[in-house]
Structures are given as C-alpha cells and as structure tokens.
Amino acid sequence: MNFELNEEQQAVQQAARDFAQSVLKPGVIERDRDMKYPKDEVRQMGEMGFLGMMVSPEYGGGGMDTISYVLAMEEISKVDASCSVIMSVNNSLVCWGLETYGTEEQKQQYLTKLATGEWIGAFCLSEPEAGSDATSQRTTAVDMGDYYLLNGTKNWITNGSTSDVHLVMAQTDREKGHKGINCLIVETAWEGVSIGAKEDKLGIRASDTHTIMYNDVKVPKANRIGNEGFGFSFAMSTLNGGRIGIAAQALGIAGGAFELAVTYSKEREAFGKPICKHQAIAFKLADMAKDIEASKMLVYRAAWLKDKHMDYSGASAMAKLFASETAMKHTVEAVQVHGGYGYVREYHVERLMRDAKITQIYEGTSEVQRIVISRNVLKGQLYVPMWAEGGVLAD
Ligand code: CAA
C-alpha cells in the first residue's frame with residue numbers, strides 16, 4: 001500500500017490550504033454569527049475548480065480523483081465547514097450523480113453549469129417524515145404521460161435557497177415501495193417551486209438550509225435520471241460517495257481543532273510551564289492525534305477504493321462513522337484544552353465543536369452508518385477474513 005500523495009494531489013492540498021487561509025478565514029467568525037451565506041467565497045470556489053473537482057474536463061470539471069477531492073474538503077473544512085458542505089453536496093451528490101447516471105442531454109444542460117459553479121445544486125431526499133427511513137417518501141411524482149406532476153415537501157436541504165437545480169426523489173408507484181421512486185431534475189425557477197425560511201442552526205450556520213415545497217410542478221420525462229423506479233438506488237449509490245465527502249469534512253473539522261489545541265497548549269502557561277507539558281493536556285493531544293490519524297486512514301482508503309472502482313459502500317460508512325465521532329469527541333476536548341478562551345467565538349474552536357455535530361447526522365446518521373456497515377459485514381463484503389468455514393477457531 002502506498003501512503004504517498006502524488007504531485008497533483010499535493011498541489012490540490014496546498015491550493016485548498018492557501019485558499020482556506022487567505023479567502024475563507026478572514027470572515028468566517030462573522031458569517032457564522034450572522035448566518036451569512038458565503039456568496040463571494042462560493043463564487044471563488046467555483047473559479048478555483050473546487051465545485052466540480054471529479055467531473056470530467058469534457059463537462060467543465062477538474063477530472064481529479066476522489067483522493068484529491070478529499071484532501072481539498074479536509075483543508076477547507078479545517079477553516080470553514082459551511083463552505084465545505086456547499087462544496088460537498090455540489091461535488092459528490094449532484095455532479096457525481098449526474099455524471100454517473102445522467103443522459104448526455106442532462107449532462108450538457110446541467111452538469112456543465114454545475115461543474116464550474118455557474119449553477120449550484122441541491123440533493124432533495126429528506127422529508128419531514130422521511131429522514132433515516134428514506135424509503136418512506138411522501139413526495140409524489142404522478143406520471144402524466146410526457147411529464148411528471150411533482151407535489152411534496154423536502155426538509156433540511158443544503159443549498160436550499162441558493163441552488164439553481166434540485167435532484168428530487170419522489171414516489172411514482174407506491175405499490176412498488178422503494179422501487180417506485182424516481183429521481184427528477186427540477187429547476188428552482190420553475191412554476192410551483194417555493195423555498196421556506198432559512199433554518200437557524202447550531203453549526204454550519206453560514207450554509208443555506210431550507211425546506212423546499214413543490215406544488216404541481218411539471219417535470220418533463222427527459223429530466224428523470226435513469227430508468228423508471230431507479231430513484232432510490234440512485235440516492236443510495238450517490239450517498240455512498242457523499243459519505244466520503246462528509247467523512248473528509250469531519251476529518252478536517254477535527255484536524256482544525258487539533259491544530260488550534262496544539263498551538264494554544266504550547267503558548268499558554270499554568271503552574272509555571274506551558275500547559276502541553278502537563279500530562280493532563282499532553283494525553284489529550286495524544287488521543288486526538290491517534291484518532292485523527294486513524295480517521296485519515298479510513299477516509300483516504302474509502303476514496304482510494306472508489307477511485308479503483310471497487311466496492312466502497314461499507315468503507316465509506318466506516319469512514320464517516322469513525323471520522324464524525326472523532327470530530328465530535330475531540331472538538332469538545334480541544335475546547336477543554338483552551339479553557340475559558342475556548343468558549344468564546346474569537347478562538348474558532350467553539351465553532352468547530354458546533355460544526356462537528358452535524359457530521360454525525362447528515363448523509364446518514366451514525367446509526368444509519370452502523371446499519372450499512374453491519375449489513376456489509378453479514379454479507380461477507382467487509383473485512384471478514386474467515387479463512388475457514390465459521391472462522392479459524394471453528395470446529
Ligand atoms: N448502497 C447501495 N444500495 C443500498 C445501500 C447502499 N449504501 N443501502 C441500501 N441500498 C439498497 C438496498 O440494496 C435495497 O435495494 P434492493 O431492494 O434493490 O435490494 C434498497 O436500497 C433498500 O434498502 P433496504 O431494504 O436496506 O432499506 P431499509 O429501509 O431497510 O434501510 C437505509 C435503508 C440504509 C436505512 C437507507 O434508508 C438510508 O441510507 N437512510 C439514510 C438516508 C440518508 O443518508 N439521508 C441523507 C440525506 S442527504 C443529505 O443529508 C445531504 C446534505 O444535506 C448534506
């Protein structure tokens with residue numbers, strides 16, 4: 001196994017680090033405080049190629065591998081997780097889904113704009129009564145011959161009011177259960193699409209989260225992704241990759257808090273020496289370093305498996321589960337290292353702690369990741385080297 005990054009990956013990592021430092025860091029505290037959408041910053045992310053990183057150059061993207069995408073997500077998340085979720089949804093849910101399963105016409109019409117950041121996309125699966133239980137879609141897409149009539153409500157939609165195009169999961173044939181769900185490409189400007197109020201959130205406060213309502217929206221059949229009834233498989237398959245993006249976001253949040261904690265602990269003195277020289281703090285730093293490094297291995301490995309076109313659904317769930325739990329646990333510890341200073345906005349670390357929480361919830365809660373992992377284990381598809389029937393110690 002090769003742990004070295006190639007030159008292109010190193011260049012992407014450096015570019016994302018510089019961008020995060022010079023462009024995102026200056027206003028991040030104010031944007032979080034005021035729930036201010038980072039309009040200019042997102043435009044610049046598009047210009048830098050961060051919004052369609054893995055899309056083929058043929059459609060205006062960067063043609064990069066998933067590892068490069070993960071490295072950029074990690075660096076941007078260290079500084080501004082609101083910007084990185086906008087980036088993640090556009091890259092791994094919307095662009096990847098369209099490029100992998102869309103028709104040539106759909107790619108020409110939508111992907112070319114989304115990959116450059118000219119347009120922003122949203123992924124509309126969650127509903128008021130269908131979060132983790134995603135097969136229970138209440139939104140309907142009634143087949144009207146050459147179009148679908150779309151009605152329903154989607155909740156907690158990232159890029160809710162700023163997106164130009166939505167990928168909407170909706171039930172066409174209820175009798176077929178999840179096999180009766182379609183994914184439709186819907187433009188925000190179409191008649192019948194309305195956007196609810198912006199959610200006032202604990203973290204990622206500058207990102208744009210809304211309820212979206214669809215009322216008798218006419219969606220041409222040409223805007224369905226894949227065959228009739230492919231919508232749920234589309235959502236699950238797309239989320240397998242999306243979870244790598246969110247895992248990288250969690251890794252970055254944890255890494256950002258860790259870097260702050262190390263720096264602060266070397267500068268701050270108590271009882272006559274820097275606090276990092278006290279075992280109580282040094283052991284915290286050791287535990288953080290160990291868990292962040294382990295997260296990194298899982299996240300990079302999931303990205304590597306995806307790049308090799310190997311099965312990565314279990315690996316991405318493991319990466320997201322471990323990285324998000326690590327981010328939550330160690331951002332709390334990083335606040336603790338900072339003492340009273342950690343509790344005030346100016347030191348950044350309390351924001352990272354608030355931002356960490358959502359990584360355990362969106363794109364599948366930690367509990368959903370455990371469902372995915374355990375099902376993979378039981379199918380024998382995830383690290384179960386059973387050398388003999390029943391295992392090495394079996395009779
Ligand atoms: N990859 C591929 N296929 C999958 C899959 C995966 N990870 N998980 C399930 N499927 C397939 C199954 O194989 C099955 O297909 P077949 O019937 O053809 O065999 C089908 O999906 C239904 O699966 P289950 O029978 O397992 O369904 P279930 O209801 O028992 O459980 C679940 C499914 C895994 C819990 C699923 O509902 C799930 O992932 N829920 C979480 C939803 C989620 O992640 N939402 C995130 C919203 S988007 C978001 O957060 C974006 C943002 O804003 C940042």
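Visitor: How many bridges join S4 to strand S5?
Guide: Seven bridges join them, and the two strands run antiparallel. S5 covers residues 181–187. Keep in mind that this is a predicted model.

Visitor: Which residue in S5 is the bridge partner of His166?
Guide: Val186 is the partner of His166 there.

Visitor: And S1, in what sense do S1 and S4 pair?
Guide: Parallel, over four bridges. S1 spans residues 121–124.

Visitor: Which residue in S4 does Gly121 stand opposite?
Guide: Gly121 faces Val165 of S4.

Visitor: Is S4 mostly covered or exposed?
Guide: Mostly covered. S4 is residues 165–171, and seven of its seven residues are buried.

Visitor: Which residues point which way from S4?
Guide: Val165, Leu167, Met169 and Gln171 point one way. His166, Val168 and Ala170 point the other way. Both sets are buried.

Visitor: Switching to helices. At what angle do H7 and H8 pack?
Guide: About 155 degrees, with the axes 9 Å apart. H7 is residues 231–267 and H8 is residues 279–307. That angle makes H7 roughly antiparallel to H8, because the cut-off for that class is over 145 degrees.

Visitor: Left-handed or right-handed crossing?
Guide: The crossing of H7 and H8 is left-handed.

Visitor: Which residues make the contact?
Guide: From H7, the list includes Gly241, Ile244, Ala248, Leu251, Gly255 and Phe258. From H8, it includes Ile281, Leu285, Met288, Lys296, Val299, Tyr300 and Lys306.

Visitor: How do the contact residues divide into nonpolar, polar and charged?
Guide: There are 17 nonpolar, four polar and two charged.

Visitor: Take Ala248 in H7. Buried or exposed?
Guide: Ala248 is at 0% relative accessibility, so it counts as buried.

Visitor: What does Ala248 touch, leaving out residues up to four places away in sequence?
Guide: Ala248 touches Val70, Met73, Glu74, Ser77 and Val299. Val299 belongs to the H8 side of the helix contact.

Visitor: How far apart are Ala248 and Glu41?
Guide: They are 207 residues apart in sequence and 20 Å apart in space, C-alpha to C-alpha.

Visitor: New topic. Where is Thr365 found?
Guide: Thr365 is in the loop between H10 and H11. H10 is 349–358 and H11 is 366–378.

Visitor: Why does Thr365 count as buried?
Guide: Thr365 has 16% relative accessibility, and buried means under 20%, so it counts as buried.

Visitor: What does Thr365 touch, again leaving out residues up to four places away?
Guide: Thr365 touches Ser132 and Gln360.

Conventions:
Residues numbered from 1 in each chain as written. Predicted model: local features only at pLDDT ≥ 70, side-chain atom pairs only at ≥ 80, totals over all residues. Heavy atoms only, no water. Axes fitted to C-alpha atoms, helices over the stretch in contact; angles between N-to-C directions. Parallel < 35°, antiparallel > 145°, perpendicular 65-115°, else oblique. Left-handed = near helix turned anticlockwise from the far one by under 90°. Contact = heavy atoms within 4.5 Å. Nonpolar A, V, L, I, M, F, W, Y, C, P; charged D, E, K, R; others polar. Buried < 20%, exposed > 50% of the residue type's maximum accessible area, 1.4 Å probe, protein only. Pairing = 2+ DSSP bridges.
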